[in-house]
Amino acid sequence: MNKILIVDASASDGRIMAGLLTRAGYDPVVTDCIEAGKIEAAKLPPGAVIVTSMRLSDGTAKEFINWLKTEGYKFPVIAIVDNLHTDAVDVMRGGGAVDVVQRLALDKQLVETVEKYAKPEHVVLTLGNQLLPRKSEVWQKIEEKITAIAATNANAIIFGECGSGKEQVAHQIYLNSSREQKPITIVDAGGAALVGRHNPENERSEIYNRIEGYFQKSAGGTIIIKNVHLLTFEKQSVLLHILETEHPDVRVICTAEPELLKMVTEKTFRPNLFFILRQSDIAVPSLKETTEDIPEIADFFLKRYAAKTGKQRKHLDASAIKALKLYPWPGNVRELKDIVLFAAFHAKGDTISEADINFNLSEPRVDDDLSLRNPQREREKILEAYRRGGSWSEAAKLLGITEKTLFNLRNKYRIERNGENQP
C-alpha cells in the first residue's frame, strides 16, 4: 500500500484524513508539526505522497516543502487550504505544492487528489522454489517423475523453454531427496559465477579451482546448474574431468533449453558429459501446451498479489480466461505472471476482463502462426488450434478458415470430433 504522510495541526482533521485514505487502500501516517514531518518523510518509500496544511505550529507548508527540496526528496506535496482563491494560488505558484484540497471538502476531494499523484508500488512476485498449482494430466505425470527421481541419487537434466518453470522442478527434486538436509549450490552456467580463465595445459586453472570449489562446498548435497547449455566447451571439459576423475559425492541437477539436444548432435556440447549429467530427465511443457492450467496459475498469482498489496483479491472473468488461453505465451509462466499482475493493478473493479489484459506485442518472433500455409504441417496445426481454442469453431477462427473448410480438412486427416485419430 502507498504511504501517505499527513502533516496537520488539527488532530480531528488528521483522523478524518487518515480514515478516508485507509478505506481507499492507502497507509497513512499522521503528524502535527514540521519537525515530526521531517522525521517521517525520511522513512517514506518510493510512491509516497505528502499532505500538509498551509499553516503549522512550527512553520508553514512552504517552509516544509523547501526543506524537502533541500534534502533531495521529490515526493509530491498536496496542500490543505482554507481559501481556494488566496491560499491556493500562493502555495501552488510559489510554494511548490502539486495540488490543493479545500479543508471543507476533504471528504469529497482528498482521496481523488491523492490518487492523481500516488505512484503505483512496484510489486515484485518471484516464482520461488515451489511448484505452481496445476491440474493438467501432463503436470500430474511430471510431479510423479519428480518423486521417482528424487528417491534416487541420479543426476538429472530438466528440459524446457525459458520461463516454463524448470528451476522449480529442479528444486523440488532436491527438496524431496535424501540430500535435502545437505548443502545445495546454485550456479548459472551463463553467469558471472563461472567466469574465469582456463588453460588446457594446466589442470589447476582458475576456472578449474572455481568449479571444484563448488563441488567441495556441496559435498554430500546437490549442485543445480542453471542453463547448462551455456557452458563453454572449455568449462564442459573441466566439469567432465571433475566428474570422471574425482567422482564427487554430489548430485548434479541441470536445467537446459531444448537446444541442448541439438548441441549434443552437433558436438558443440560434449556427448560424454551430456550422458553423465542426463542419467534421468524431465521435459517441462510450454504453457501453450497446457492451457488448461492457466486459470489456476493466474488465480495463484492474483492471491499472492492481493496478499502483498493488502488489496481485495481480483478474479478473471470468462473473457479474460479465453484471451489468456488463446495467447501463444512465448515467455511461458513468467510472462503470464507479469501480464496478470499488470491487469490486476489496472482493473478498476474486482473482476479482470479481456479489456484489462495487455499482451506483450514486442516478443521475439516464434513459429506460432496457425495459418495453413504448409501442407506438411496442416494436421499438426489443426490439432494445435483445436487444443488452444477448445472447440472447432474457435479453431477455425484461429486458422483463418471457415468451419466448413475445417470440417473437410478433419475428414481429410481423419481427425475425430474429440481431436483423436479415426480408427
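Visitor: At what angle do the axes of helix α8 and helix α9 cross?

Guide: In this predicted model, helix α8 covers residues 206-217 and helix α9 covers residues 233-246. Their axes come within 10 Å, and they cross at roughly 50 degrees.

Visitor: Is α8 parallel, antiparallel, perpendicular or oblique to α9?

Guide: An angle under 35 degrees would count as roughly parallel, while 65 to 115 would count as roughly perpendicular. The crossing is at roughly 50 degrees, and therefore α8 is described as oblique.

Visitor: How many residues of the contact of α8 with α9 are nonpolar?

Guide: On the side of α8, the contact is made by Ile-207, Tyr-208, Ile-211, Glu-212 and Phe-215, and α9 brings residues including Val-238, Leu-239 and Ile-242. When the residues of this contact are divided by kind, one is polar and three are charged, while the nonpolar ones number eight.

Visitor: Which strands stand at the edges of the open sheet of five strands?

Guide: The order of the strands is β9-β10-β11-β8-β12, with parallel pairing. An edge strand has a single partner, so one side of it is left without a neighbour in the sheet, and this applies to β9 (184-188) and β12 (280-283).

Visitor: Which residue in β12 is the bridge partner of Ala-156?

Guide: Strand β8, residues 156-159, pairs with β12 in the parallel sense over four bridges. For Ala-156, the bridge partner in β12 is Ser-280.

Technical notes: Residues numbered from 1 in each chain as written. Predicted model: local features only at pLDDT ≥ 70, side-chain atom pairs only at ≥ 80, totals over all residues. Heavy atoms only, no water. Axes fitted to C-alpha atoms, helices over the stretch in contact; angles between N-to-C directions. Helix = DSSP H or I, 4+ residues; strand = E, 2+ residues; numbered from the N terminus. Parallel < 35°, antiparallel > 145°, perpendicular 65-115°, else oblique. Contact = heavy atoms within 4.5 Å. Nonpolar A, V, L, I, M, F, W, Y, C, P; charged D, E, K, R; others polar. Pairing = 2+ DSSP bridges.
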